[in-house]
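Let us walk through this structure together, one element at a time. Have the sequence and the model open as you read.

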Amino acid sequence: MVVFDEAKHTYTNPETNRIYISVSQLLKRYKEPFDTDFFAEKAAKKQGKKKEDIIAEWQKNNKAACDKGQRIHDIFENYIKTGKISCINR
């Protein structure tokens, strides 16, 4: 069994006290950071928009995607804990 510590965003095996990191933390170790300015500038030129508008659009889409992902995560976590499928609205 693994226990999640939300404040530290870590996972611990209580039997061995071994601490695991999240998948997000693991991926950050191996992926290159996204160069927002560079790619926003390219997209702005291609689409005939301002770089700032492209960045704002990306941020809006990112937030919507993260919110949806969190809702899905919460539904699965609730199912694992309770055995019940429920719709969690936020």
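Strands here are DSSP runs of E with at least two residues, helices are runs of H or I with at least four residues, and both are numbered from the N terminus. Before going further, note that this is a predicted model, in which local features need pLDDT of at least 70 and side-chain atom pairs count only at pLDDT 80 or more, while totals for chains, interfaces and linings use all residues. Residues are numbered from 1 along each chain as its sequence is written, and side-chain values use heavy atoms, with hydrogens and water left out.

Back to the strands. β2 and β3 are antiparallel and joined by 4 bridges; two strands count as paired if DSSP finds at least two bridges between them. Their hairpin has 4 residues between the strands, and asparagine 17 adopts a positive phi near 60°. On the other flank, β2 (residues 10-13) runs antiparallel to β1, with 3 bridges between them.

Put together, the 3 strands make an open antiparallel sheet in the order β1-β2-β3. Because β1 (3-5) and β3 (18-21) are the edge strands, each with a single partner, one side of each has no neighbour in the sheet. From one strand to the next the twist averages 30°, where axes are lines fitted to C-alpha atoms and angles run from 0 to 180 degrees between N-to-C directions.

Now for the helices. Helix α2 (residues 36-47) has 12 residues and spans 16 Å from its first C-alpha to its last, close to the expected 16 Å, which is 1.5 Å times one less than its number of residues. Which residues of α2 are buried? They are Ala40, Ala43 and Ala44, buried meaning under 20% relative accessible area, exposed over 50% and partly exposed in between (1.4 Å probe, protein chains only). These buried residues fall within an arc of 105° seen down the axis, so they line one face of α2; the arc is that of the directions from the helix axis to the C-beta atoms. Lys45 and Lys46, on the other side of α2, are exposed. After α2 comes glycine 48, with a positive phi near 70°.

Finally, glutamate 77 sits in helix α3 (residues 51-82) and counts as partly exposed because its relative accessibility is 28%.
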